[in-house]
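Biologist: I'd like to go through this model with you. Please put it on screen.

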Amino acid sequence: MRRKRIIAAVILVLITLVGVAMSQFSLSALPEPGKVETYLATKGKHLLVARGSRGISQSPAVTPAAAAEGEKLYGAECSMCHGMDARSPTGIGRAMYPRAVDLTSSQVQGYSDAELFWITKNGVRLSGMPAFGKAETDAHIWSIVQYLRTVSVVVGNKTRGLAVRNP
Ligand code: HEC
């Protein structure tokens with residue numbers, strides 16, 4: 001009898017909590033994502049990206065030709081959100097929830113090549129990051145990854161790649 005009452009009380013508390021959480025929830029993308037939400041979503045994303053990219057073969061060697069190809073593809077497919085220099089997300093990118101990120105940041109450059117390939121190919125569900133797996137060949141996606149590695153190389157106070165030609 002006592003046990004049943006405890007279970008009923010726990011269920012009631014849970015229903016109340018869900019009710020309160022739902023009444024607080026908003027679909028608006030205007031506010032900045034909170035710290036707890038960002039922390040939990042980032043942890044979960046890293047785990048899923050690491051799991052998804054397991055078994056992806058070693059990336060092809062970086063060649064200037066592939067990086068140049070990647071630069072062109074980046075300009076056509078990624079810059080509209082992540083910015084021409086890959087480090088200053090555009091107005092559209094910054095209006096998304098979560099926001100489009102600086103691809104030269106240590107957070108992004110900390111991903112392995114296989115993880116960057118996986119993210120570009122599969123996108124990030126429940127975010128504005130599209131999947132390019134149907135639009136692009138694997139070879140093209142690798143060249144974009146190679147290009148992304150070059151933008152993090154700081155030359156003076158500028159980065160190589162598009163930033164130099166489009167300051
Ligand atoms: C329509 C806008 C949009 C386009 C186009 C876009 N992205 Fe993104 N991208 C986003 C958003 C928004 C996020 C943030 C997702 C998140 O926080 O999980 C993101 C996240 C990423 C991340 C992961 C960052 C992280 O911290 O986990 C990588 C890598 C990335 N994009 C690369 C690319 C590449 C490469 C292209 C082009 C082939 C591209 N993106 C095109 C919006 C875009």
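Modeller: Ready when you are.

Biologist: What classes of residue make up the shell around the ligand?

Modeller: The shell has 16 nonpolar, six polar and two charged residues. Nonpolar means Ala, Val, Leu, Ile, Met, Phe, Trp, Tyr, Cys and Pro; charged means Asp, Glu, Lys and Arg; the others, Gly among them, are polar. A residue counts as near a molecule or strand if its C-beta atom, placed from the backbone, lies within 6 Å of it. Bear in mind that this is a predicted model: local features need pLDDT of at least 70, side-chain atom pairs count only at pLDDT 80 or more, and totals for chains, interfaces and linings use all residues. Residues are numbered from 1 along each chain as its sequence is written.

Biologist: Which residues come nearest to the ligand?

Modeller: Of the 24 residues around it, Cys 78, Cys 81, Pro 98, Gly 128 and Met 129 come nearest.

Biologist: And which helices supply the shell?

Modeller: Helix 4 (79–82), helix 6 (106–109) and helix 7 each supply at least two residues. Helices here are DSSP runs of H or I, at least four residues long; strands are runs of E, at least two; both are numbered from the N terminus.

Biologist: Back to Pro 98. Where is it?

Modeller: Pro 98 sits in the loop between helix 5 (91–95) and helix 6. The peptide bond that joins Tyr 97 to Pro 98 is cis, with omega about 0°.

Biologist: New topic. How many helices and strands are there?

Modeller: The chain has nine helices and two strands. From the N terminus, the order is α-α-α-α-α-α-α-α-β-β-α. The radius of gyration is 21 Å, well over the 15 Å from the globule rule for 167 residues, so the chain is more spread out than a compact globule. That radius is taken over C-alpha atoms, and the rule is 2.2 Å times the number of residues to the power 0.38. The C-alpha trace spans about 75 × 35 × 30 Å along its principal axes.

Biologist: What share of the residues is buried?

Modeller: Of the 167 residues, 20% count as buried. Buried means 20 or more other C-beta atoms within 10 Å of the residue's own, exposed means 12 or fewer, and partly exposed is in between, with C-beta atoms placed from the backbone.

Biologist: Which residues of helix 8 are buried?

Modeller: Ile 141, Trp 142, Ser 143, Ile 144, Val 145, Gln 146, Tyr 147, Leu 148 and Val 151.

Biologist: What does Leu 116 contact, beyond its neighbours within four places in sequence?

Modeller: Leu 116 contacts Tyr 111, Val 145 and Leu 148. In contact means C-beta atoms, placed from the backbone, within 7 Å. Leu 116 is in helix 7. It is buried, with 23 other C-beta atoms within 10 Å.

Biologist: Where is Ala 86, and is it buried or exposed?

Modeller: Ala 86 lies in the loop between helix 4 and helix 5. It counts as buried, with 27 C-beta neighbours inside 10 Å. Its phi is positive, about 70°, although it is not a glycine.

Biologist: Then Leu 126: buried or exposed?

Modeller: Leu 126 is exposed, with 9 other C-beta atoms within 10 Å. Its phi is also positive, near 60°. Leu 126 is in the loop between helix 7 and helix 8.

Conventions:
Two residues are in contact if their C-beta atoms, placed from the backbone, lie within 7 Å.
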